[in-house]
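Me: I am new to this structure and would like to learn how to read it. Could you walk me through it, feature by feature?

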Amino acid sequence: MRFGNERGNGGMRQFHISGVCYPEKHYMADLSGRLQQMKKMTDNGDYFVINRARQYGKTTMLRALQRYLQPDYAVIFMSFQKMSSARFRDESAFSRAFAHEFVKKAVSSAQNGKLESRALQALDEKSRGTHEPFDLTELFELLSDVCAQAQQKIVLIIDEADQASDNQVFVDFLGQLREYYQNREETPAFHSVILAGVYDIRNMRTKIRPEEAHRYNSPWNVAAPFEVSMRFLPEDIVTMLAEYEKEHHTGMDMQAAAQELYRVTGGYPYLVSCLCKKLDETGMGWDAADLWMAVRDLLKEQNTLFDDVIKNIQNHPEFARLAEQLAVFGAKIVFERNNPVIGLGAMFGILTERDGKAAVSNMIFETLILNYFTSVRATEALLHSDYLEKGQYICNGRLDMEHVICRFADFMKAEYRREDGTFLEKQGRLLFLSFLRPIINGTGHYAVEPQTRQNMRMDIQVFYGKDEFVVELKRWNGAAYEQKGYEQLAEYLAARGLKKGYLVSFCRNVKKPQRERWLRYGPYEICEVIVECG
């Protein structure tokens, strides 16, 4: 196993997935364009909120912004994650804790005396008091004095600001920030305030007392829209790979690798870095086959991001139903962020908008969700059958996909012949994935192509070792649609550079299911199986 990026090995950088990334230590995408956009907002004196899903690079971006702004501003970077719940029990406790943290950051070496003043000393003295009251009004009067006496304009950055959103003291704190923003022509105030977290505090729902119902209650209505994209597009990923290539000279096709990384991850920063780290540390190559082996290994792991995705499905039944409709059944649902269920999925980074419709945000999350539902929805008939004996499908270490789809057709005929046909048309996809997964588990994995997610068809990529298979599942609607199915499968085979494909059609219009057959469609060979559904 190679760890070529370790600092001890010639000072080479690493792909980093835990905590803040620094360009001198880690391979990073070029953030300069985003930082320029955010500095423009700061120069304008905007107060704004960065709310993105967990492990989306928020803290790394904020730290980079802090360094980017420091030549022109006195930047105070704080995190509410460090403040215990006791600090929010009342105004005095919060004001002292906030003042103490503010002073500590203000006198740090990075500020070079920009904030040293009598007002800062007064704030420090007040923070050290333990008995006298110290309310928010007095806190902001002192902060206003600090702003008035500072040698440079002050930018306040608060990370993990949503940690305290379910608390009246924090709501009152935001209200004071808003009032100073609105009156800053008369009263000195922070030049810009940047808050970051998963939850959007502009529309947060708070429950101040246990007996109260949740209600929308946020005074933070002065925030400017934050429209800076934080996902990694292919051109962003290329900049990270280029830095890696300078040190390792792998000869990779950086453009192709970046496109495939983006296709798999949807540009989710943590997932991009995870896969790059695996490819580097395991010594694999950087082509598509190696990438998919890294995806397979990643999906076997437990990590906090995957845990969050599944917990959000388990803890929110309405969202679970929506996720299943989108991932399994290909439902076409208009993306409306004001829909609470869709908004929840988007906030957690699980859902995105694609052509005006709601969709799972990337192929890795989609596979994770499909794995979850195939596990919890697996039928008794499938779990206790001999159809899943793995040895019958593997020959000389290679997967016999023709045998897989034929045995699946046999299973459906034996176990579901008298079931309601409509049920099978809806559940056929889930049953096939439940059938496939234990066969390939350990050595292979599957992914569903998002662009083909429609009620009529689904393209599944199956990877076993370094072999790739494309299986299309579709509803058979007569001969007129049959040619279209061949054409669609051929187009996808061409896109993946394959010559053979597999077509599974669910059909209620035949008395006896057709056995498998091989046919030639242009330069492609297609193995077709029709599954009787009632």
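Me: Over which residues does the pLDDT stay under 50?
Reply: pLDDT is the predictor's confidence in each residue, from 0 to 100. In this predicted model, it stays under 50 over residues 1-10, a stretch with 27 contacts beyond four places in sequence; contact means heavy atoms within 4.5 Å. Residues 205-216 also have pLDDT below 50, and the model gives them 22 contacts beyond near neighbours in sequence. For the protein chain, the mean pLDDT is 85, with 85% of its residues at 70 or more.

Me: Thanks! And what should I know about numbering and cut-offs?
Reply: Residues are numbered from 1 along each chain as its sequence is written. Local features need pLDDT of at least 70 and side-chain atom pairs 80 or more, while totals for chains, interfaces and linings use all residues, and side-chain values use heavy atoms, leaving out hydrogens and water.

Me: What order do the strands of the open sheet have?
Reply: Strands of a sheet pair through backbone hydrogen bonds, either parallel or antiparallel. Strands here are DSSP runs (E, at least two residues), as helices are (H or I, at least four), numbered from the N terminus; two strands pair if DSSP finds at least two bridges between them. This open sheet of 4 strands has the order β1-β4-β3-β2, with parallel pairing. Its edge strands, β1 (47-51) and β2 (74-79), each pair on one side only.

Me: How many bridges join β3 and β4?
Reply: Strand β3 (residues 154-159) and strand β4 (residues 192-197) pair in the parallel sense over 4 bridges. Look for isoleucine 157, which stands opposite isoleucine 194 in β4.

Me: Now the helices: at what angle do α8 and α9 cross?
Reply: Axes are lines fitted to C-alpha atoms, for helices over the stretch in contact, and angles run from 0 to 180 degrees between N-to-C directions. The axes of α8 (residues 254-265) and α9 (residues 269-281) come within 9 Å and cross at roughly 125 degrees. That makes α8 oblique to α9: angles under 35 degrees count as roughly parallel, over 145 as roughly antiparallel, 65 to 115 as roughly perpendicular and the rest as oblique.

Me: Which residues make that contact?
Reply: Leu261, Val264 and Thr265 of α8 meet Leu271, Val272, Leu275 and Cys276 of α9.
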